[in-house]
Number of protein chains: 2
Amino acid sequence: MMALEAHRLGIAVKILCASAAEPAAQVAPFVLGDPNQLSDLLPFLSSVRVATFESEFYDSAVIETASRKCGTQVFPQPGLMGLIQDRLTQKELLDRYDIPTSPWRPVSSPQDAVVAYIAMNGRAVFKKRRFGYDGYGTFVVKSENELSALSLQMAAPGMIAERFVRFTREIATVAVRDQKGTVFFYPFVETKQKDARCLWVNGPIKETKALKTLKARITTLLSKENYVGAIGIELFDSEEGLMVNELAPRVHNTAHYTQNAFHMSQFAAHILAVSGERLSEPSPLARGFAMWNLLGSQARELSEIHPPMMESGAFFHWYGKIESRPGRKLGHINAIGKSPSDALALAKKMATKAARQLKY
Amino acid sequence: MMALEAHRLGIAVKILCASAAEPAAQVAPFVLGDPNQLSDLLPFLSSVRVATFESEFYDSAVIETASRKCGTQVFPQPGLMGLIQDRLTQKELLDRYDIPTSPWRPVSSPQDAVVAYIAMNGRAVFKKRRFGYDGYGTFVVKSENELSALSLQMAAPGMIAERFVRFTREIATVAVRDQKGTVFFYPFVETKQKDARCLWVNGPIKETKALKTLKARITTLLSKENYVGAIGIELFDSEEGLMVNELAPRVHNTAHYTQNAFHMSQFAAHILAVSGERLSEPSPLARGFAMWNLLGSQARELSEIHPPMMESGAFFHWYGKIESRPGRKLGHINAIGKSPSDALALAKKMATKAARQLKY
């Protein structure tokens, strides 16, 4: 989706990926290789003016080395990728900028886990420090049995424990910072998870004083850390107040709706920011917007599809993945409308139609 | 632009083109070759399920032969491409369906030209039967000197002469027909030409009874001829009434605005129609829309550009051409707004900014 926007904007792109079947390789020139291998990454980086990534789960030290050796900048900077991809250093980063997040502590042994479990009154969430996503590597522990089972998951570099937060709703936003220091936020949206995956997002939601304060602190973080590009921010809205649940140093699923609700999508904004272009805050094109993920329901191969017919205000986006798996993100529907609820109803209707027709 | 929409819709595409520098080759897998050569076209057609074209100026007989040999359908059908690419058979087609067009006659010799010039009261437009576009191959003749100069242009298969029409404005639309027979029209828009090239379009314009009648007749033409895909229709609005000036059997510059003013652009609709998907009539997402072409002002090489910052409601589209020439279409700005005039003002403002910044 970044490549598609780059095409329209006249910015030439090249992809480094593991397989020609990957979605990005289907829509832009590509080179096969492993971004974790210096021998693959260095020649690739040497051949481009600037680079970015669509997943933060790469070896940030390798990227940093390659970038230094050839002089091609990578945005967001590999050091920040490293800080954010590790849940422990991500929590430290949030704490450093006074950004509210659930109470946490490091866990590097079964003993630490017991202490954390007790300290959190027997209701804790344990998360692997690295490479967890969409529920993988996350363990809700509410009993001693669950706590014992957890030891099996304990491996270097360990985990963090968070106090379990009973939230009323989850919300999210994406902020983008350009190389000159301009920062803007897309609107906050409500997000609905199902089986640890985002099912839909809907917005805009009302921007409270607490959300404004949060934006100011995140802006400070991005500015002081000299962050460049898009950053996804997931939040719990709870009786205890707002708490940041997770940062992601990249474009984010919860802002896919911006493809059709803004004149500048998160993908365009990210590509412009990492390319060194200046940004200005965009305003929405509709009073309500929604995104509904098209999630796989079964393991099966996918061939070319028949795109379902959309009603006015709804937009079908398909990723060209060659395999479906239960819960896998295969595409999404964006919708705009006169109100958030109108947009969500349209997105749901079109997603239901897509699921029935495409049987993924 | 068709490929970009196909990517989003999950429809795999492959391009046959003359050079890797062509815009389409930059955004999709491509094969180098000449669509006018059976030896290039046949293996290409054999490798795809269905094919279409972005220019009608190919040898329709070669396409028909290749299509028949390998069984891959080409839409719009090569026979219709042939009829429409020739101004004489295009006029006959319009006459056959009672679609108003300026009075005309065939011209295949200097003598014919003199007769036509006299018959049209000394104010005629001569057009080469084939391969004219954007003013190339069109000659306005209002004096005997101009008429003499015309003989130099006379070559097989000749020309047609049309009576010169003094129009009050030019308007255009694009219709799309799917393989099941559904036909819809995007709104009529006013188009402004400058030096024989489209400078901007703006709409929607009010749909009069005459336009409704015209739509009905074009629908009959498309249905009886079993046309599949998008067709561009350019009109003169004159004191004598509406007259079709030109048909183009493809997506059309005057409907580029649909990329941002509709949930289904002309590119998406065309790709869906030729792929065998069903269409339904889309409705506009805004009350006003405009498109402003970014036309080259000088001969120069173009390298990678800095995309200009757009205001909300404006969208920058760049084609990645590697050379600018005076009048060459290099990109466009789409704008939406609360009224046609709002949209046009925004498009103009952003196009002026783009021209100043990009110096193309």
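**Close-up views of the two-chain model**

**View 1. Asn121(A) occupies the loop between α6 (110–119) and β6 (124–128) of chain A.** Helices here are DSSP runs of H or I of at least four residues, and strands are E runs of at least two, numbered from the N terminus. Although Asn121(A) is not a glycine, its phi is positive, at about 55 degrees. The model is predicted, so that local features need pLDDT of at least 70 and side-chain atom pairs count only at pLDDT 80 or more, whereas totals for chains, interfaces and linings use all residues. Residues are numbered from 1 along each chain as its sequence is written, with chains lettered from A and ligands numbered from 1 in the order of writing.

**View 2. A cis peptide bond links Gly203(A) to Pro204(A).** Its omega is near 0 degrees. Pro204(A) belongs to the loop that runs between β12 (197–203) and α8 (209–224) of chain A.

**View 3. Phe75(B) and Pro76(B) are joined by a cis peptide bond.** For this bond, omega is about -15 degrees. Pro76(B) is found in the loop between β4 (73–74) and α4 (78–85) of chain B.

**View 4. Domains of chain A.** The assignment, automatic or from a database, places domain 1 at 2–85, domain 2 at 103–163 and domain 3 at 167–358. The centres of domain 2 of chain A and domain 3 of chain A, taken over C-alpha atoms, are 29 Å apart.

**View 5. Chain A is superposed on chain B by a rotation of 180 degrees.**

**View 6. The contact between the chains involves 33 residues from chain A and 33 residues from chain B.** Residues are in contact if their C-beta atoms, placed from the backbone, lie within 7 Å. On the side of chain A that touches chain B, α1 (2–9) and β17 (314–318) each supply at least two residues. The largest share of that side, 5 residues, is provided by β17(A). Of the interface residues of chain A, 100% are also interface residues in chain B, so the copies meet through the same surface.

**View 7. Helix α1(A) packs with α1 (residues 2–9) of chain B at about 165 degrees.** Their axes are 11 Å apart; axes are lines fitted to C-alpha atoms, for helices over the stretch in contact, with angles from 0 to 180 degrees between N-to-C directions. This makes α1(A) roughly antiparallel to α1(B), the class for angles over 145 degrees. Leu4(A), His7(A) and Arg8(A) meet Leu4(B), His7(B) and Arg8(B).

**View 8. Helices α3 (residues 60–70) and α4 (residues 78–85) of chain A cross at roughly 175 degrees.** Their axes come within 8 Å, and α3(A) and α4(A) are therefore roughly antiparallel. Helix α3(A) contributes Ser60(A), Ile63(A), Glu64(A) and Ser67(A) to the contact, and α4(A) contributes Pro78(A), Gly79(A), Met81(A), Gly82(A) and Gln85(A).

**View 9. Helices α2 (residues 38–46) and α3 (residues 60–70) of chain B pack at about 40 degrees.** From α2(B), the contact includes Leu38(B), Leu41(B) and Leu42(B); from α3(B), residues including Val62(B), Ile63(B) and Cys70(B) take part.

Notes:
Copies are superposed by least squares on the C-alpha atoms of residues with pLDDT of at least 70 in both. Two residues are in contact if their C-beta atoms, placed from the backbone, lie within 7 Å. Angles under 35 degrees count as roughly parallel, over 145 as roughly antiparallel, 65 to 115 as roughly perpendicular and the rest as oblique.
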